[in-house]
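My notes follow in the order of looking.

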Amino acid sequence: MTQFWSNWRRLWCMWLAGVTISATVAFPQPPHLSVPGQPTHAWTEFTSEGVSVRAIINGPDCPSVSVDGESIPMAVRAKSSAEFPVTTCQTLIPSGAKSAVVNGQTLALAPRKLRRIVVIGDTGCRLKGAEVQDCNDPKIWPFATMIRNAAAKHPDLVIHVGDYYYRETSCPEQRPGCNGSPHGDLWDSWRLDFFDPASSLLAAAPWIFARGNHEQCGRGSSGWFRFLDAASAPLTCPATSAPFAVHFDRLQLDVIDTADVVDKQLSIDRLAFYQKQISAIPANASVNKKQEATWVITHKPLWGYELTRAGQSMIAQNPMLAAAAEMMDTPRSVQLPGVDLLLAGHIHLFGALDFSSNQASLRPAQLIVGDSGTALDSADVRSGEETIDGLLAKYVVKGNFGYFVLDRKKKGWTGILYSTEDAPLVRCTYHQRQIECQAVE
């Protein structure tokens with residue numbers, strides 16, 4: 001492996017270390033399925049081994065999947081437990097399959113041509129101590145509404161950049177906006193935070209899931225490893241999701257776990273962990289001339305533009321990772337030479353950073369989609385230029401709820417950030433390492 005790739009891998013692991021409901025309506029109780037063995041939810045997701053069918057079953061026995069008319073049994077991924085009284089089932093779909101059906105539900109398979117991608121992130125309803133979001137009010141927590149709108153656009157792929165589980169503590173008494181909500185790393189919390197509202201989009205396209213810091217060990221890790229992690233079997237904490245690559249025509253997507261990276265602390269004893277993790281990152285195929293681009297998908301952005309609660313701008317920095325990666329000085333050579341675009345969330349707004357004015361695009365473009373449901377960081381639309389980690393960047397940030405749609409063009413992609421009302425908020429054009437975005441007036 002070249003020195004470039006050693007540096008790239010070390011950098012990544014170290015730097016990235018709905019209809020209004022009356023406020024008096026109680027939170028709906030879990031319906032569960034009345035028919036044992038029927039999936040409560042079923043979907044397809046990309047893993048290092050190919051496309052995996054996942055199903056959550058009310059009962060102990062996994063169903064079979066009909067793939068092009070041939071029955072393929074699903075295996076138990078995770079058995080029922082007190083906290084998760086459902087069974088998780090899985091099986092791999094053979095490459096080239098044209099159809100897959102589980103108990104009458106047609107599943108979305110890998111697209112023959114990747115034309116449209118929906119990107120979402122930071123989607124759950126925040127319940128954590130004094131930070132309370134009205135989960136019962138779709139204007140306050142609009143995830144389900146946006147999901148339905150996104151599904152209606154018929155994407156070929158959905159990318160979630162992490163943070164699914166947010167219901168960590170109980171709803172305060174006399175707070176009708178979240179009355180009756182479950183909390184804790186339990187099936188009902190995961191069902192209401194993600195699976196129920198996301199059901200239409202889970203059926204519309206295959207997904208790529210990135211792990212967020214809300215899925216850390218001690219937070220939402222049990223649900224993450226049981227349901228969504230790409231590994232062939234649930235991992236046990238302490239654990240890190242293994243990086244993997246997904247290949248499409250002229251596009252490679254590398255998925256990285258940055259859930260445990262501490263944002264604003266310098267901790268030397270953690271550096272060895274991230275250095276060790278780097279050796280598992282898949283080799284980047286953008287050196288192959290047949291690849292049009294390589295994108296890296298992760299939860300925490302390598303570079304980001306963050307707004308404080310008071311609305312004052314500040315650069316999102318990670319002292320530990322920045323120091324370890326030696327990126328604080330002005331770069332004199334191309335950074336991450338095999339990467340064209342970074343997709344992340346974590347900061348609860350939409351952001352786009354473009355470094356292409358710096359000679360020969362010394363850095364890849366950075367997109368942040370952390371605005372898809374959870375309580376937002378306070379930010380009006382802002383744009384301008386800012387020096388970020390030694391390089392001048394053009395930026396656009398937008399502090400509204402939204403989901404992002406990328407459409408492939410002859411050269412590059414166009415992107416639109418859509419609002420809760422499904423109106424365009426920001427329009428972008430992206431090609432290679434350059435992204436230009438403008439807010440819609």
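For me, buried means under 20% relative accessible area, exposed over 50%, and partly exposed in between, with a 1.4 Å probe and protein chains only. A disulfide links cysteine 171 with cysteine 178, at 2.0 Å from S to S. I call a disulfide any pair of cysteine sulfur atoms within 2.5 Å. The torsion about the S-S bond of cysteine 171 and cysteine 178 is about 80 degrees, so this disulfide is right-handed.

A note on the source. This is a predicted model, in which local features need pLDDT of at least 70 and side-chain atom pairs count only at pLDDT 80 or more, while totals for chains, interfaces and linings use all residues. Residues are numbered from 1 along each chain as its sequence is written, and side-chain values use heavy atoms, with hydrogens and water left out.

Next I asked how many disulfides a search of the whole structure finds. It finds five. Counting bonded cysteines along the chain, I get the pattern 1-2, 3-4, 5-6, 7-8, 9-10.

I then took the pair of cysteine 217 and cysteine 237. Their disulfide has an S to S distance of 2.0 Å. The link is left-handed, with -90 degrees about the S-S bond. Which parts does this pair tie together? Cysteine 217 sits in the loop between strand E13 (207-209) and helix H5 (221-228), and cysteine 237 in the loop between H5 and strand E14 (244-248), so the pair ties together parts that are 20 residues apart in sequence. Helices (H or I, at least four residues) and strands (E, at least two) are DSSP runs, numbered from the N terminus. Cysteine 217 has 30% relative accessibility and so counts as partly exposed. Cysteine 237 is partly exposed too, at 33%.

Cysteine 437 is buried at 14%. The S-S torsion of this pair is about 110 degrees, so the disulfide is right-handed.

Then I turned to the sheet. It is an open sheet of four strands in the order E4-E3-E7-E8, with antiparallel pairing. Strands pair here if DSSP finds at least two bridges between them. Strand E4 (70-73) and strand E8 (105-106) are the edge strands, each pairing on one side only.

I looked at E3 with E4. They pair antiparallel over four bridges. Valine 65 stands opposite isoleucine 72 in E4. The hairpin of E3 and E4 has two residues between the strands, and aspartate 68 takes a positive phi near 50 degrees there.

E3 and E7 run antiparallel and are joined by two bridges. Valine 67 has alanine 100 as its bridge partner in E7. Strand E7 (residues 100-102) is joined to E8 by two bridges, also antiparallel. Valine 101 has threonine 106 in E8 as its bridge partner.
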